Amino acid sequence: MQEGHLHRTGAATAIGDQLRPVSEVAASGHMSWSTAHEAFAEVADAHLAAPLRPVRVLGIDETRRGKPRWIRDADRTTVRLADTWHTGYIDISGDQGLLGQVEGRGCEDVIAWLNAQPACWRAQIEVVAIDMSASYANALPNARLVVDPFHVVQAATKMVASVRRRAIFARYGRRGRSGDPEYGMRRTLLRNYENLHPDRFAAMWNTFIDAGVHGEQVLAAWIAKEELRKVFTATCSGGVRDRLHAFFSWRAAHDHIPELVTLAETVSRWREQIAAAVILGISNTASEGTNRIIKLVAGIAFGFRNPANQRRRSRYATTRTTRHPPRRVTKRRSRSAIKREHNPAPT
């Protein structure tokens, strides 16, 4: 009986801590899939049932659950797209990892999970870090909202790519292809100015200047991206205000670029939350790291049919630091010191 218990414990450890697929663990342990899964579920549910500790900074972000699927309603006549998203809640200021997940990414999904938590727990949340998603903006009205800088810069980078594709099509009457000078600079446009070698920067600049008015629009979009990036290097509220003003001024001087106008409107709607992220020094980096583990678990399992099983596996995998404290690092002694201890000098 004890041997069977140890066998099940080993299976649970292999699935939960070593992130091995259930089917592989079951085959190596000569047990059925359901036995291995139940062994892991018993251990995981016992750990995840513990009450959540207080959270000061809460991160909210979504991850795709799997490939888009079409399902039939109960009447068997209507076909609709199944929800393939999970919204996760991450402890950014602590070490609890993924606090929970819900299926869907709408405002009602977010609010339903938060309302299921104790009121005293919700009241201790001071800051909520999100991407530029209106669905999450009203989740906790009493908490301060910040927008992750990564997603702001990502939106600016996508804007530059959109301008480049439109400009190339306007010049050649087709999509860009290998051999076009502008197409060869597509990756250079994604680089930051301070990371560009002077020769590479000169090559990029001259390429789009030679392209005429279409190339000038691409350069204007790239400069706008750099002006927006400068916002996140400010050290005070005055610096944030001045650099946002510089970005909007550049947009006003180039209002003939529709993609830039759209980006500026988005930044304008979220300017208070962007400034708060810079001043407080808070980002959604922990959420992105958690999303990476969630995708890793899904990839190792080759996808999940059951969303509840996926949420259990994902949360258990992202809370390993709470179950296993970091190992104590001891300073290694040099070989000469060890040799002196074994061969003491004669007195």
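Below are legends for close-up views of this predicted model. Residues are numbered from 1 along each chain as its sequence is written, and side-chain values use heavy atoms, leaving out hydrogens and water. Because the model is predicted, local features need pLDDT of at least 70 and side-chain atom pairs count only at pLDDT 80 or more, while totals for chains, interfaces and linings use all residues.

**View 1. The whole chain, for orientation.** You'll find 15 helices and 7 strands here (DSSP runs, H or I of at least four residues for helices, E of at least two for strands, numbered from the N terminus). Of the 347 residues, 43% are buried, that is, under 20% relative accessible area with a 1.4 Å probe, protein chains only.

**View 2. Helix α3 packing on helix α13.** Residues 33-48 form α3 and residues 307-318 form α13; their axes sit 10 Å apart at about 60 degrees (lines fitted to C-alpha atoms over the stretch in contact, with angles from 0 to 180 degrees between N-to-C directions). On the α3 side, the contact includes His 37, Phe 40 and Leu 48, and on the α13 side Arg 312 and Tyr 316 are among the partners (contact means heavy atoms within 4.5 Å).

**View 3. The largest nonpolar core.** This set has 53 residues, and Leu 58 and Ile 60 touch the most other members (a core is buried Ala, Val, Leu, Ile, Met, Phe, Trp, Tyr and Cys joined through side-chain atoms within 4.5 Å).

Technical notes:
Buried < 20%, exposed > 50% of the residue type's maximum accessible area, 1.4 Å probe, protein only.
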